Amino acid sequence: MIDLHTHTTCSDGTDTPRALINTALAQGVEVIALTDHDTVAGWEEAISALRGEIELVLGAEISCLTENSTSVHMLGLLFDGTNPEMLSMLEQTRDDRVPRMIKMIELLNDAGIHVSMQDVEEVMPHGATMGRPHLADAMVKRGLISSRDEAFKDLLNNESKFYVAHIAPTPEAAIAQIRAAGGVAVIAHPFASRRGETLEAEAFSSLVSAGLNGIEVDHRDQNNDERAMLRKIAKELDLVVTGASDYHGTGKLNRLGECTTNREQWEKLEALADKRRVVRADRS
Ligand code: AMP
Ligand code: ZN
Ligand code: FE
Ligand code: FE
């Protein structure tokens, strides 16, 4: 079982990196990618939790904005986590998530929905990449709503009047940076229409020119028609097809390994990185 997209307490997941590895081991996952939003903070702990035969793919899910302000998520896998330009790109996005959260809270307060930055800081794990799910958790704690999912239905989704974007690279810039750091770039859930506006099919050729390697096709937020269109695009553009859970612990319904990547596609993707960077338990 190969699952190439998961989150931990280093962003908006609820399992620590150690707990994620333990869950993966318990469920027989053979290859797991750690892809927290805009951070590599969980890498060390995940590596130290390894045992047995499981293979760890270190990565990040990079928040991007197209020229016309469509939100796109880019999975960067197997890149050099010490690459200064890569780290500074991620840091810039993380830094801007704080003023962005303040703006969203102001809009909610103006509408009579009372939640504060202090509430968000109280529910958010220390050092995590701050995101809307933490704002949802703060509103749950205040008794305003009952779950993260409920928060996204009306208040926090991308189409909501309370939504504010944060600074983010274009998808092309993120792809170029991932590749410059030796990694591979897979666009995450590009046709997940239930989340809001999605990429146009025509946009893929520009991403391929920037160095895109793969498309996440099997993901719970993409229906069968959306997956079929993506599979066709991947075939036409010779891109790797992946599937993944986008596991967030108890933060979402997604179960680890609910969607997976085929071994042959994974091997093709892994071979596109500049070095063999998959991590295994140290047996020395
Ligand atoms: P942010 O990074 O603050 O823009 O928040 C994005 C995160 O919110 C995603 O990674 C998901 O975990 C979650 N999310 C986004 N849209 C939805 C949605 N429609 N329903 C549930 N969770 C969502
Ligand atoms: Zn998330
Ligand atoms: Fe995503
Ligand atoms: Fe994700």
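On a 1 Å grid over the protein atoms alone, I take a pocket as an open set of points with protein on both sides within 12 Å along at least five of seven lines, and a molecule sits in a pocket if more than half of its atoms lie within 2 Å of its grid points. The space taken by ligand 1 is the largest pocket.

I note that this is a predicted model, where local features need pLDDT of at least 70 and side-chain atom pairs count only at pLDDT 80 or more. Residues are numbered from 1 along each chain as its sequence is written.

I looked up the shell (heavy atoms within 4 Å of the molecule) and found that ligand 1 is surrounded by residues including Asp-12, Arg-132, His-248 and Lys-252. Domain 1 (2-94 + 167-270) and domain 2 (97-154) each give at least three residues to this shell, the bounds coming from an automatic or database domain assignment.

I then checked polar contacts (N or O pairs within 3.5 Å). From an oxygen atom of ligand 1, a polar side-chain atom of Asp-12 lies 3.3 Å away, a side-chain N or O atom of His-248 lies 3.0 Å away, and for Arg-132 a backbone N or O atom lies 2.7 Å away. Taken alone, ligand 1 exposes 500 Å², of which the protein buries 92%, with areas from the Shrake-Rupley method and a 1.4 Å probe.

Notes
Chains lettered and ligands numbered in written order. Heavy atoms only, no water. Polar contact = N/O pair within 3.5 Å; in protein donor to acceptor, adjacent residues only side chain to side chain. 1 Å grid on protein atoms, 1.4 Å probe; cavity = no way out; pocket = protein on both sides within 12 Å on 5 of 7 lines; lining within 4 Å.
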